[in-house]
Amino acid sequence: MSKRLAVAFTGPSNSGKTTLILKVARKLIHEHKLEVAIIKHDPKDKARFDVEGKDSYKFSDTGAEVIVTSPNRTTYFSQRRSELEDMIRLFGDFDILLVEGLKNLPLPRISIFRNEIDEDYFPYMNALAIDKSVDLSRYAVPNDVDILDLNTTDEVIEWILKNAKKV
């Protein structure tokens, strides 16, 4: 039976969000034997998922909702903005949902920083994942924010399993 727990990751560009999510997802899938779903926010609408000239690109370019299916995968191309609940329904069963970005979603959140912390993230974080490049003594980190080692994936996973929200 699915646990359906969700947690989000935020941080500035090139802080290591994607790298951490990849490490966490791989361990959850291969070592913990959990079903993992991932949502990536693309705030600048830069991501491209198909090649111009291919049929699926042509179908999507019409403005239609498109599903491409093959023996090994199903891809959904939508021209509509989706709410979190809509995306969760698309996934069906999963144990853990990892969300990159979307800092206004009401999910427990791990903020990731290297070198320096942007204190504007404090209201949005429940945990702070950093490495040795960050001097914590320079910041007034809120008392209710857990400090995690960015390079200790098991510590991050333990926090997720303890703090993720049921969705």
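The model is predicted, so local features need pLDDT of at least 70 and side-chain atom pairs count only at pLDDT 80 or more, whereas totals for chains, interfaces and linings use all residues. Residues are numbered from 1 along each chain as its sequence is written, and side-chain values use heavy atoms, with hydrogens and water left out.

**Overall fold**

- The protein chain has four helices and nine strands, where helices (H or I, at least four residues) and strands (E, at least two) are DSSP runs numbered from the N terminus.
- Read from the N terminus, these elements follow the order β-α-β-α-β-β-α-β-β-β-β-α-β.
- The C-alpha trace of the protein chain spans about 55 × 35 × 25 Å along its principal axes.
- Of the 167 residues in the protein chain, 38% are buried; buried means under 20% relative accessible area, exposed means over 50%, and partly exposed is in between (1.4 Å probe, protein chains only).
- Among the contacts with a separation of 6 or more, 54% come from residues 24 or more positions apart, a contact being a case of heavy atoms within 4.5 Å.
- The protein chain exposes about 10700 Å², and carbon and sulfur atoms supply 48% of that area, which was computed by the Shrake-Rupley method with a 1.4 Å probe, only the protein chains shown counting as cover for residues.

**Helix α1**

- Helix α1 covers residues 17-30, and its 14 residues should span 20 Å at 1.5 Å a residue, which agrees with the 20 Å between its end C-alpha atoms; the expected span is 1.5 Å times one less than the number of residues.
- The buried residues of α1 are K17, L20, I21, V24, A25 and L28.
- These residues cover an arc of only 130° around the axis, which puts them on the same side of α1, the arc being that of the directions from the helix axis to the C-beta atoms.
- On the other side of α1, R26 and H30 are exposed.
- The buried residues of α1 pack against the strands β1 (5-10), β2 (36-40), β5 (96-100), β6 (109-113) and β7 (127-130), and also against the helix α4 (153-163).

**Helix α3**

- In helix α3, which covers residues 84-91, the buried residues are L84, M87 and I88.
- Seen down the axis of α3, its buried residues fall within an arc of 100°, so they line one face of the helix.
- The exposed residues R89 and L90 sit on the face of α3 turned away from its buried side, while the buried residues of α3 pack against β2 and β5.
- G92, with a positive phi near 70°, follows α3.

**Nonpolar cores**

- The largest nonpolar core has 22 residues, and those with the most contacts inside it are F9, L20, V24, L98, I110, V156 and I160; such a core is a set of buried Ala, Val, Leu, Ile, Met, Phe, Trp, Tyr and Cys residues joined through side-chain atoms within 4.5 Å.
- At least two residues of this core come from each of β1, α1, β5, β6, β7 and α4, and α1 gives the most, with five residues.
- Another core, of 12 residues, lies apart from it and has M87, I88, F94 and V99 among its members.
- Leaving aside its neighbours within four places in sequence, V156 is in contact with F9, L20, V24, I110, L148 and D149.

**Salt bridges**

- A search of the whole structure finds five salt bridges, each being a side-chain nitrogen of Lys or Arg within 4 Å of a carboxyl oxygen of Asp or Glu.
- E100 forms a salt bridge with K40, their closest N and O atoms being 3.0 Å apart.
- E100 lies in strand β5 and K40 in strand β2, so the pair ties together parts that are 60 residues apart in sequence.
- E100 is buried, with a relative accessible area of 7%, whereas K40 is exposed, with a relative accessible area of 54%.
- D86 forms a salt bridge with R89, with the closest N and O atoms 2.5 Å apart, and both residues lie in helix α3, three residues apart, about one turn of the helix.
- D86 is partly exposed, with a relative accessible area of 30%, and R89 counts as exposed at 57% relative accessibility.
- Salt bridges that share partners join K27, E31 and D154 into one network.
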